[in-house]
Amino acid sequence: MILSQFQTVGHDLFTKGLVSSHSGNLSIRLGERIIITRRTSRLGCLQEHDLIETGINKNDRNTPLASIELAVHRAIYRETPALAIVHAHPPHAVALSLTETEIVPSDTEGLSIVERVPVLGWHMKVKAGGLADIIAQALKQHRIIMVHGHGSFAIGQLLEEAHNCTATLEESCQVICLLKSLQVSPAEK
Ligand SMILES: [Zn+2]
């Protein structure tokens with residue numbers, strides 16, 4: 001049951017191009033425990049052994065096997081009521097994260113689902129697992145945030161909900177990029 005939720009969302013993220021072969025990670029919260037995808041797992045074809053269960057506050061022998069973003073997932077569960085997290089690399093959203101400090105959808109669906117999306121980590125050296133506290137604080141007010149030049153972290157009560165937020169943000173960012181390109185081309189003639 002839990003595996004099939006991870007498989008459905010992981011496969012969908014991969015086929016939509018929201019993660020590449022080994023990027024992205026997913027987790028759910030079960031009380032004081034977290035079930036998170038394995039380090040270097042492929043979200044497009046997750047198997048039982050790709051789901052790692054460890055503590056939200058305590059390390060155990062499984063902890064080193066967890067995704068390299070474990071620290072971020074743990075901080076989010078400590079600071080927000082989230083029960084599921086999706087971290088992805090949606091390409092249009094990543095492109096805009098390199099030029100904007102906030103992404104505001106132009107389309108109505110994007111506006112209603114993701115609203116305003118802050119871009120965190122400007123002028124900071126960001127490595128995997130970094131910015132955990134800053135991301136967790138921002139997700140108290142937002143359902144999804146972008147990390148500058150890296151990717152998205154979305155929360156929900158279910159993986160499906162966080163996935164929907166991620167896909168909606170990417171669609172909105174495609175529209176923003178199209179609008180930008182339309183505005184640029186007449187001036188270039
Ligand atoms: Zn990433």
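Mentor: Start with burial: a residue is buried if 20 or more other C-beta atoms lie within 10 Å of its own, exposed if 12 or fewer, and partly exposed in between, with C-beta atoms placed from the backbone. Helices (H or I, at least four residues) and strands (E, at least two) are DSSP runs, numbered from the N terminus. Residues are numbered from 1 along each chain as its sequence is written. The model is predicted, so local features need pLDDT of at least 70 and side-chain atom pairs count only at pLDDT 80 or more, while totals for chains, interfaces and linings use all residues.

Take strand β7. Ile144 and Met146 point one way from β7, Ile145 and Val147 point the other way, and all are buried. The general rule is that side chains in a regular strand alternate between the two faces of the sheet.

Now its partners. Two strands pair if DSSP finds at least two bridges between them. β7 (residues 144-147) pairs with β8 (residues 151-156) in the antiparallel sense, over 4 bridges. Ile144 stands opposite Ala154 in β8. Val147 has Gly151 of β8 as its bridge partner. These two strands form a hairpin with 3 residues between them. Gly149, in the turn, has a positive phi of about 65°. On the β6 side the pairing is parallel, over 2 bridges. There, Met146 of β7 is the bridge partner of Val119.

Next, the whole sheet. It is open, has 8 strands and mixed pairing, and runs in the order β3-β2-β1-β4-β8-β7-β6-β5. β3 (51-55) and β5 (102-103) are the edge strands; each has a single partner, so one side of each lacks a neighbour in the sheet. Helix α1 (residues 2-15) packs on the sheet and touches β1 (25-30), β2, β3 and β4 (84-88). Two residues are in contact if their C-beta atoms, placed from the backbone, lie within 7 Å. The direction of α1 makes about 150° with that of β1. Axes are lines fitted to C-alpha atoms, for helices over the stretch in contact, and angles run from 0 to 180 degrees between N-to-C directions.

Helix α2 (residues 70-79) brings us back to β8. It lies across β1, β2, β4 and β8, at about 145° to β2. α2 is mostly covered, with 7 of its 10 residues buried. Those residues are Leu70, Val72, His73, Arg74, Ala75, Ile76 and Tyr77. They pack against β1, β2, β4, α5 and β8.

Beyond four places in sequence, Ile85 touches Leu26, Ser27, His73, Ile76, Phe153, Ile155 and Ala162. In general, nonpolar side chains in soluble globular proteins tend to be buried together.

For contrast, look at Ile35 in strand β2 (residues 33-37). Ile35 is partly exposed because 19 other C-beta atoms lie within 10 Å. Setting aside neighbours within four places, Ile35 is in contact with Ile2, Ser27, Ile28, Leu30, Leu51 and Glu53.

Two loop residues deserve a check. Most residues other than glycine have a negative phi. Glu115 has a positive phi of about 55°, in the loop between α4 (108-113) and β6 (117-120). It counts as partly exposed because it has 13 C-beta neighbours inside 10 Å. His123 also has a positive phi, about 60°. His123 is in the loop between β6 and α5 (132-138). It counts as exposed because it has 5 such neighbours inside 10 Å.

Finally, step back to the chain. It has 6 helices and 8 strands. Its radius of gyration is 16 Å, close to the 16 Å that the globule rule gives for 189 residues, so it is as compact as a globular protein of that length. That radius is taken over C-alpha atoms, and the rule is 2.2 Å times the number of residues to the power 0.38. Buried residues make up 42% of the 189. Among contacts between residues at least 6 apart in sequence, 66% join residues at least 24 apart.
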